[in-house]
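Here is a short report for a first look at this structure. Keep the sequence and the 3D view open as you read.

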Amino acid sequence: MRVHTTSLKGGINKSREFARKGLAEFAVNVGTKCGHDCTYCSTGATLRFHSSFKKVGESPFGTGYAIVDADTPVRVAADAAKHPRARGLVQLCTTVDAWAPEAQAHRIGRRCLEAILGQPGWTVRVLTKNAAVVEDFDVISHHRDRILVGLSLTTTPDKSELMHVVEPNASTNVERMAAMARAHQMGLRTYAMFCPLLPGIAGSPGDVEELVGFALDVGAEEIFVEPVNGRGPGLKATEEALSAAGHDQEASAVHAIRTEENWSAYAAQLPETVQRVLRRRNALPKLRFLLYPKSLKEVDLLAIRQDDAGVRWLGEARGERWPAQYTAAQRRQSRCHRATLHSVLGAFLFNRLMPALTRSLSWPHGAPARTPACCPALYGSGAATGDPSRGILATAIYFAEQDRAERGHGSRWSRLASWVNRDSTRSFLTAIASARLLPTSTTSFRPRVIPV
Ligand code: SF4
């Protein structure tokens, strides 16, 4: 294993992604390449543009090496002491593993725990695939109310050796289960993370039954489940590793989900299997099935939505403007909040930048003496839909209409406005007017087709 070092910025960072997943509000990461070398790892795809790979001369998708920052605990300690009122749940780690061999060499996991928990107000979610975390249970037991311990489980004990082919430097699943059981015996708080449940290895009802049974036996407070990430070369590498080790059946099951359709069907089947097992055991409220709707085909998305108890939707489905879990009332409210925010930004934009913009467009009759008061609202409402160009467009049309009304002919604003599909623009403006997102002065504004 080639071990490189790097120097990262910051110690404890906000993580919107993991907050969305319900895992943690903050993240600590101890490097950019984890030495566990799991073939399906998606970190390379996530961090592929990180400068550390170029500096050490390695490919983000390569294997046989690790990149670690041994000073992480120092930076974590500095960040932990800051912001006494903005503290919360930290995940250790989100993109690498603080107990991977290269991190163990510097006792990074333990030192990070000490640094974070040395300050009040912080809580920690430990996530690792290495049973070496047991050596730090003494620290954890001192702060047992403030730490959740989780070791990712990816298969049942009978396939532990097989799974070791694709997780070559991590502890086996048997060792991880022993570590979870030890945590439970010591009275530590635990949660379960089944990620990823690969087809042919851990996705069958029998496998799920066994894993869920184990999680409940060790007192898991929550059960997170995630299908394997299809991004990057992970699935191909997993198939090749299984095939090279003579596990042809499992390799072909992984090969099958390398198409979008089959991946979607596999990801749609898993929640149903897990829900069925948890329902039978009266433990469905513990389920947090993490799913990106945009990765699913419509037919599978609709099938899951028939019964999505325990599913945590991450982001929007294809063609959807709003996160799938939003109710109609939340969507309306969210639109209003975004409109307000963008109106403030719009006011700044128009008051500061509009004179320069109108000059550069060679406004034929000189720039308007004063930006109409409704422009920020127009811009804000357009931008609030998630597409700022609509805000600019709405304002451009407004200017064009004003021009025609005041001067009897069009201007370059008209040309700008005509570049877009007029029908969709009109229906958009009508919609925002009827949603009462604009002040009264602008709701009376009715756009019409503008001749250039
Ligand atoms: S333990 Fe996690 S971060 Fe490390 S290689 Fe495996 S999947 Fe990647």
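## Around the ligand

In this predicted model, the ligand is surrounded by Cys 34, His 36, Asp 37, Cys 38, Cys 41, Thr 43, Val 96, Asp 97, Ala 100, Lys 129 and Ala 170. By class, this shell holds six nonpolar, two polar and three charged residues.

Asp 37 sits in the loop between strand 4 (31-33) and helix 2 (43-46). Its phi is positive, about 60°, although Asp 37 is not a glycine. Is Asp 37 buried or exposed? Asp 37 counts as buried, because 21 C-beta neighbours lie inside 10 Å.

## Another positive phi

Arg 107 is also a residue other than glycine with a positive phi, here near 50°. Find Arg 107 in the loop between helix 5 and helix 6 (108-117). Arg 107 has 17 other C-beta atoms within 10 Å, so it is partly exposed.

## Cis peptide bonds

Look next at the bond between Leu 92 and Cys 93. This peptide bond is cis, with omega about 0°. Cys 93 belongs to the loop between strand 6 (89-92) and helix 5 (101-104).

Cys 195 and Pro 196 are joined by a cis peptide bond too, and omega is about -5° there. Pro 196 lies in the loop that runs between strand 9 (189-194) and helix 10.

## Helix 10 against helix 13

How do helix 10 (residues 205-217) and helix 13 (residues 260-280) cross? Their axes come within 9 Å, at an angle of roughly 50°. Helix 10 is therefore oblique to helix 13. The crossing is right-handed.

Which residues meet here? Helix 10 brings Pro 205, Val 208, Glu 209 and Val 212. Helix 13 brings Thr 273, Val 274, Val 277 and Leu 278. By class, this contact has six nonpolar residues, one polar and one charged.

## Helix 11 and its cover

Helix 11 spans residues 234-244. Its buried residues are Gly 234, Leu 235, Ala 237, Thr 238, Glu 239, Ala 241 and Leu 242. Helix 12 (248-256) is included in what covers them.

After helix 11 comes Gly 246. The phi of Gly 246 is positive, near 85°.

Notes
Residues numbered from 1 in each chain as written. Predicted model: local features only at pLDDT ≥ 70, side-chain atom pairs only at ≥ 80, totals over all residues. Axes fitted to C-alpha atoms, helices over the stretch in contact; angles between N-to-C directions. Helix = DSSP H or I, 4+ residues; strand = E, 2+ residues; numbered from the N terminus. Parallel < 35°, antiparallel > 145°, perpendicular 65-115°, else oblique. Left-handed = near helix turned anticlockwise from the far one by under 90°. Contact = placed C-beta atoms within 7 Å. Nonpolar A, V, L, I, M, F, W, Y, C, P; charged D, E, K, R; others polar. Near = placed C-beta within 6 Å. Buried ≥ 20, exposed ≤ 12 C-beta atoms within 10 Å, placed from the backbone.
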